[in-house]
Amino acid sequence: MLYQRSSQLFAEAEKVIPGGVNSPVRAFRAVGGTPIFVKSAKGAYLYDEDGNRLIDYINSWGPMILGHAYEPVVQAVIEKAKLGTSFGMPTALETEIAALAVKMVPNIDKIRFVNSGTEACMSAIRLARGFTKKDKIVKFAGCYHGHSDSFLIQAGSGAITFGSPNSPGVTAGTAKDTLLAKYNDLENVKALIEANKGEIAAIIVEPVAGNMGCIPPQKGFLEGLRSLCTENGILLIFDEVMTGFRLAAGGVQELVQVNADIVCFGKVIGGGLPVGAFAAREEIMNYLAPLGPVYQAGTLSGNPLAMAAGLAMLQALDQDRSIFTRLAEKTAYLAAGIARVLEANQVTFTINTIGSMISVHFDAEPVVDFQTAAKGDNETFKKFFHGLLQEGIYIAPSAYETWFITDALTYEDLDFTIEAIDRVSKTF
Ligand SMILES: *Cc1c(COP(=O)(O)O)cnc(C)c1O
């Protein structure tokens, strides 16, 4: 396949947009080459500016769980657009989607809509800090909670260290309030709590990690976090921006039967439009302005087009819960097929899956946290990525990303993908 026009468009973009992209991971820096420019998408397929058709395993990094240009979502947006695209005033639609989200997700009474997952997580920790009157938060190495200052903190050397910023522009003052823990390691969290007694407002976690590949929580990890939080007056925040409305209608809270105090959403909840949200029980949510002292606002929050897309998406998922089983079956089929051909070609690998999330790591050791995820062979991944691109298959241009299975993928698409991986892995 040729990607000439994409290359030209990228060169033009680089002149006026930093790195040619509006979000860094799109730029192919980790794999080399130039990004693909999309013209349109439908169902499981992307159509690029060179006229290639690609099977899409990114799906806008998660939102398009029912496939691209899903008809009810498209129709809802078109109809709403004709009635005005933004008012900055309340609409009935906001209550409708809020009520449906509260019905679908366990353990929440109220929800507030924002414009991105970043905003949702940023607002959730402000709310947690206001509610508990404490400053520090615990986050896990390798978990991503958007690009707000408090979360751009890298692993220190020891287990109990203050985070150091991993982006210039994040002040040392902000970084000192973010404590860094190891995913799937309760002892590590216990030690952090001991060392910072009475100072921690919240522990924020991706209850299934999806930003260092896909890493499910080990047995007892989330349950243990719940107990530690309850015992120590700490709020437990589940960042379900990726997993919410994806791994189950009620997200990971429903899947593992562990209750969080605050839950963050994004991606699927917006049906492909810019939406985030955070939710909690009434006592906590009433701490937000205008009822309470914690300020949070947004000119375009609850935007009618975004709410219409989100509502159509949630309604589809609410009405047909078999979607989640169907997705998990497709993922399992794909994982088994990939394992079969990689083994046959003597490639060292680990595959992690849960529900409609899957990641392929080129290392034999189980991938359970950031350290083990980072051990994967990046040179093999680059060949894998570009090989698949030549076969017309688009996976994320980074070894640390999860692939997302959509309902639009057929078993023929999955078989084609497995056969392509067989061909590509012969060239390693
Ligand atoms: C994508 C993601 C975010 C950030 O959401 P944006 O909409 O990109 O700001 C936060 N948390 C998790 C777990 C995510 O996957």
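The second largest pocket has a volume of about 540 Å³ in this predicted model. A pocket is an open set of points, on a 1 Å grid over the protein atoms alone, with protein on both sides within 12 Å along at least five of seven lines. Grid points are joined across faces, edges and corners, and a volume is the space filled by probe spheres set on the points. In the model, local features need pLDDT of at least 70 and side-chain atom pairs count only at pLDDT 80 or more, whereas totals for chains, interfaces and linings use all residues. Residues are numbered from 1 along each chain as its sequence is written, and side-chain values use heavy atoms, with hydrogens and water left out.

The second largest pocket is lined by 26 residues (those with an atom within 4 Å of a point), and Pro90, Glu94, Ile111, Arg112 and Phe113 lie nearest its centre. At least two lining residues are supplied by each of α3 (92-104) and β4 (110-114), with β4 giving the largest share, four residues. The lining comprises 13 nonpolar, 10 polar and three charged residues.

The protein is divided into domain 1 (4-69 + 322-425) and domain 2 (71-319), with bounds that come from an automatic or database domain assignment. The centres of domain 1 and domain 2, taken over C-alpha atoms, are separated by 25 Å. Contact (heavy atoms within 4.5 Å) joins 30 residues of domain 1 to 32 residues of domain 2. The area buried between domain 1 and domain 2, that is, the accessible area (1.4 Å probe) lost by the two parts on being put together and summed over both, is about 2,400 Å², and carbon and sulfur atoms give 67% of this area. On the domain 1 side, Phe324, Ile354 and Met357 lose the most area to domain 2, together 24% of what that side buries.

Two salt bridges are counted between domain 1 and domain 2, each defined by a side-chain nitrogen of Lys or Arg within 4 Å of a carboxyl oxygen of Asp or Glu. A salt bridge is formed by Asp369 with Lys182, and their closest N and O atoms are 3.6 Å apart.

A search of the whole structure finds one cavity of 30 Å³ or more, a cavity being a set of points where a 1.4 Å probe fits but cannot get out. The largest cavity has a volume of about 40 Å³. Its lining is formed by Ser359, Val360, Phe381, Ile395, Ala396, Ser398, Ala399, Glu401 and Trp403. By class, six of these residues are nonpolar, two are polar and one is charged.

Conventions
Nonpolar A, V, L, I, M, F, W, Y, C, P; charged D, E, K, R; others polar.
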